[in-house]
Amino acid sequence: DGIADLPVQMRAAVVLRYYADLSVDEVALTLGKSPNTIKAQLQTALDRLRTHLADPVGASLGEAATHA
């Protein structure tokens, strides 16, 4: 799931920045946010995605074990 699990605004920032290849300033203008807000959202999103990629099933396995 990864990117689909991000909040809508954060997901939009990631898609515009890394898939549409817009600059941070262009993403900020498009989303009506400040460049610093976009930078913070991108950093948080990348941290979450790194965590997800490092352990993509660990969280769901842990939940299943506690419910079994």
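In the predicted model, helix 1 meets helix 3 through Gln9, Met10, Ala13, Val14, Arg17 and Tyr18. Their partners in helix 3 are Ile38, Gln41, Leu42, Thr44, Ala45, Leu46 and Arg48. By class, this contact comprises eight nonpolar, three polar and two charged residues. The axes of helix 1 and helix 3 lie 9 Å apart, and the packing angle is about 95°. Angles of 65 to 115 degrees count as roughly perpendicular, and helix 1 and helix 3 are therefore roughly perpendicular to each other.

Helix 1 also contacts helix 2. On the helix 1 side, the residues are Gln9, Ala12, Ala13, Leu16 and Arg17. Helix 2 contributes Val24, Val27, Thr30 and Leu31. Six residues of this contact are nonpolar, two are polar and one is charged. Helix 1 spans residues 8-19 and helix 2 spans residues 24-31. Their axes come within 9 Å and cross at roughly 135°. The crossing of helix 1 past helix 2 is right-handed.

An α-helix has 3.6 residues a turn, so residues three or four places apart point the same way.

Four residues of helix 1 are buried: Met10, Ala13, Val14 and Leu16. The buried residues of helix 1 pack against helix 2 and helix 3, the latter covering residues 35-54.

Helix 1 itself has twelve residues. From first C-alpha to last, helix 1 reaches 15 Å, close to the 16 Å expected at 1.5 Å a residue. Asp21 follows helix 1 and has a positive phi, near 60°.

The chain as a whole holds four helices and zero strands. From the N terminus on, its elements run α-α-α-α. Of the 68 residues in the chain, 21% are buried. Among contacts with a separation of 6 or more, 43% join residues 24 or more positions apart.

Key:
Residues numbered from 1 in each chain as written. Predicted model: local features only at pLDDT ≥ 70, side-chain atom pairs only at ≥ 80, totals over all residues. Heavy atoms only, no water. Axes fitted to C-alpha atoms, helices over the stretch in contact; angles between N-to-C directions. Helix = DSSP H or I, 4+ residues; strand = E, 2+ residues; numbered from the N terminus. Left-handed = near helix turned anticlockwise from the far one by under 90°. Contact = heavy atoms within 4.5 Å. Nonpolar A, V, L, I, M, F, W, Y, C, P; charged D, E, K, R; others polar. Expected span 1.5 Å × (residues − 1). Buried < 20%, exposed > 50% of the residue type's maximum accessible area, 1.4 Å probe, protein only. Parallel < 35°, antiparallel > 145°, perpendicular 65-115°, else oblique.
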